[in-house]
Amino acid sequence: MLSVGTGSLNDICRKAAADLDKPICIFGTAPSMDGFASYNAPLTDGNFKITYPAKSPEVIIADTKILASAPAYLKSAGFGDMVGKYVGLIDWQVSALISGEHYCERVASLTRRATDMIMALADRITATDEESAGAVLEALLLTGIGMSFVKTSRPASGTEHILSHFWECKK
């Protein structure tokens, strides 16, 4: 299976690949979300975002020229997704302290480093700049890989994602 695009399209294709037990390749066209490498897919079902098991792709391809020419609002979405990682990491650590949930400092550190890298590029995110577009995609991929390592979305999302999914469904 081949998915060309970003966001919901990739989520639908990764879910279908899991359901059909087929390999999947993603050709990313915008650095807008961390789901490229994720093992799950948030899909809208009955005006709710529900996370379903999905398949991590065998291959992810992206061209920095295409990523850099993506609309500024999609590049901003990727930046916003990364900024939300700080909240997600705090939520994960608090949950581990309160409930004993598994917390992996190595994966949390990977996410933190990727997010710090993007914060350093904040003033260049919406520019037509291959270096910053490639860096945002790399950071988004790292957080997706982190989720796959621990088989939970905790390294990449927390309460801010629940709220964003709610607002997305209420538009």
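**Strands, helices and salt bridges: a chat**

User: How many bridges join β1 to β2, and are the two strands parallel or antiparallel?

Analyst: Strand β1 is joined to strand β2, which covers residues 25-28, by four bridges, and the two run parallel. Please keep in mind that this is a predicted model. As one example of the pairing, S3 has I26 in β2 as its bridge partner.

User: What order do the strands of that open sheet have?

Analyst: The open sheet has three strands in the order β1-β2-β5, and their pairing is parallel. Strands β1 (2-5) and β5 (59-62) are the edge strands, each of which pairs on one side only. Going from one strand to the next, the twist averages 15°.

User: And which strands does helix α1 touch?

Analyst: Helix α1, made of residues 8-20, packs on the sheet and touches β1 and β2, with its direction at about 170° to that of β1.

User: Are R14 and D11 buried or exposed?

Analyst: R14 and D11 are both buried.

User: Moving on, how many salt bridges does the structure hold?

Analyst: The structure holds ten salt bridges. One of these joins the side chains of D34 and K85, which meet at 2.5 Å from N to O. D34 sits in the loop between β2 and β3 (40-45), while K85 belongs to helix α3 (residues 72-99), so this pair ties together parts that lie 51 residues apart in sequence.

User: Which residues are linked with K85 in a network of salt bridges?

Analyst: The network of salt bridges links K85 with D34 and D81. The side chains of K85 and D81 meet in a salt bridge of their own, at 2.6 Å from N to O. Because K85 and D81 are four residues apart in helix α3, they are separated by about one helical turn.

User: What is the relative accessibility of D34, and does that make D34 buried or exposed?

Analyst: D34 has 9% relative accessibility and therefore counts as buried. K85 is buried too, with a relative accessible area of 0%, and D81 is also buried.

User: New topic: how many disulfides are there?

Analyst: The count comes to zero disulfides.

User: Last one: in what sense do β3 and β4 pair?

Analyst: Strand β3 pairs with strand β4, which covers residues 48-53, in the antiparallel sense over six bridges. Within this pairing, D45 stands opposite F48 in β4.

User: How many residues lie between β3 and β4 in the hairpin?

Analyst: The hairpin that β3 and β4 form has two residues between the strands, and G46 in the turn has a positive phi of about 60°.

How values were computed
Residues numbered from 1 in each chain as written. Predicted model: local features only at pLDDT ≥ 70, side-chain atom pairs only at ≥ 80, totals over all residues. Heavy atoms only, no water. Pairing = 2+ DSSP bridges. Axes fitted to C-alpha atoms, helices over the stretch in contact; angles between N-to-C directions. Contact = heavy atoms within 4.5 Å. Disulfide = S-S within 2.5 Å. Salt bridge = Lys/Arg side-chain N within 4 Å of Asp/Glu carboxyl O. Buried < 20%, exposed > 50% of the residue type's maximum accessible area, 1.4 Å probe, protein only.
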